[in-house]
Amino acid sequence: MGSIIKTNGITLIALVITIIVLLILAGVAITTLTGENGILNKADTAQVETRAATVEELVRLWKTEQTADNMIGENKTQTLGQLLDKLEEDNLITQEERTIIEDDGEITIGNKTIIFEKLNAIDKVGNKVNENINDDGSINYEKLKEDLESIKNIQGVPENLGEDSFPLIVEINGELVQINQNGTVRTSNKC
C-alpha cells in the first residue's frame with residue numbers, strides 16, 4: 001500500500017504567487033483611484049464643473065431678470081455686487097474669483113468661461129461706498145479710503161479722507177467719478 005501524505009498548508013510557491021497576484025491587484029486599484037484618469041481626479045473635475053454650471057445658471061437667471069425688469073420698466077433685480085455676495089456666501093466663488101469678475105467681467109471655472117458684466121467706474125466706487133456706510137448713515141472713512149485704493153487705476157483719493165473731502169472727485173481710467181457725502185455716486189465729465 002502506498003503511503004498517504006497529508007499536507008496542511010500551502011507550498012512556498014503558492015504563497016509567492018498569491019502575494020504577486022495581490023500586489024498586481026493593489027497596483028491596479030491604486031492606479032484606478034489616483035491615476036490621471038482615476039476616480040479621485042474625475043470626482044474633483046466633476047465637482048469643479050458642477051460649480052461652474054451652477055454659477056453659469058445663476059448668472060443666466062440674473063441676466064434674464066434684468067431683461068424682464070428693463071422691459072417692464074422696473075428695477076427690482078439684484079445688482080452685480082449683490083449677486084457676487086450671494087455666490088460668495090454660497091461658496092460658489094472665492095474672494096479671488098470675485099475680484100477677477102469685478103475687474104474683467106468674466107471668470108473661467110473649469111472649462112467654462114462665464115460672462116457677467118464689466119463693472120464701470122461708477123459701479124465699482126458705488127459698491128465700495130455702500131459697503132462702508134454705517135447703520136446710522138455715517139461713512140467709515142478709513143475703510144473707504146482703503147477700499148477705494150484697491151480699485152485698479154484709481155487716482156485722486158486724498159491721503160486724509162474725511163467729511164471735509166466731500167464731494168470727492170476721483171479718476172478711474174480717465175473717467176471722473178463724484179462721491180457725495182450722502183453716499184451717492186455719479187460720473188462727471190471725461191478727462
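Ser165 is buried in this predicted model, with a relative accessible area of 16%. That value falls under the 20% cut-off for calling a residue buried. Ser165 sits in a loop, the one running between β3 (154–155) and β4 (168–172). Setting aside neighbours within four places in sequence, Ser165 is in contact with Pro158 and Asn160.

With residues up to four places away in sequence left out of the count, Asn180 touches Phe166 and Pro167. There's also a side-chain link to Gln178: a polar contact of 2.6 Å joins Asn180 and Gln178.

Turning to the helices, a pair of packed helices is described by the angle between their axes and the distance between those axes. For helix α3 (residues 80–89) and helix α4 (residues 95–104), the axes come within 10 Å and cross at roughly 160°. Angles over 145 degrees count as roughly antiparallel, so α3 is roughly antiparallel to α4. As for handedness, the crossing of α3 and α4 is right-handed.

On the α3 side, the residues that do the meeting are Gly81, Leu84, Asp85 and Glu88, and their partners in α4 are Gln95, Arg98, Ile101 and Glu102.

Notes
Residues numbered from 1 in each chain as written. Predicted model: local features only at pLDDT ≥ 70, side-chain atom pairs only at ≥ 80, totals over all residues. Heavy atoms only, no water. Axes fitted to C-alpha atoms, helices over the stretch in contact; angles between N-to-C directions. Helix = DSSP H or I, 4+ residues; strand = E, 2+ residues; numbered from the N terminus. Parallel < 35°, antiparallel > 145°, perpendicular 65-115°, else oblique. Left-handed = near helix turned anticlockwise from the far one by under 90°. Contact = heavy atoms within 4.5 Å. Polar contact = N/O pair within 3.5 Å; in protein donor to acceptor, adjacent residues only side chain to side chain. Buried < 20%, exposed > 50% of the residue type's maximum accessible area, 1.4 Å probe, protein only.
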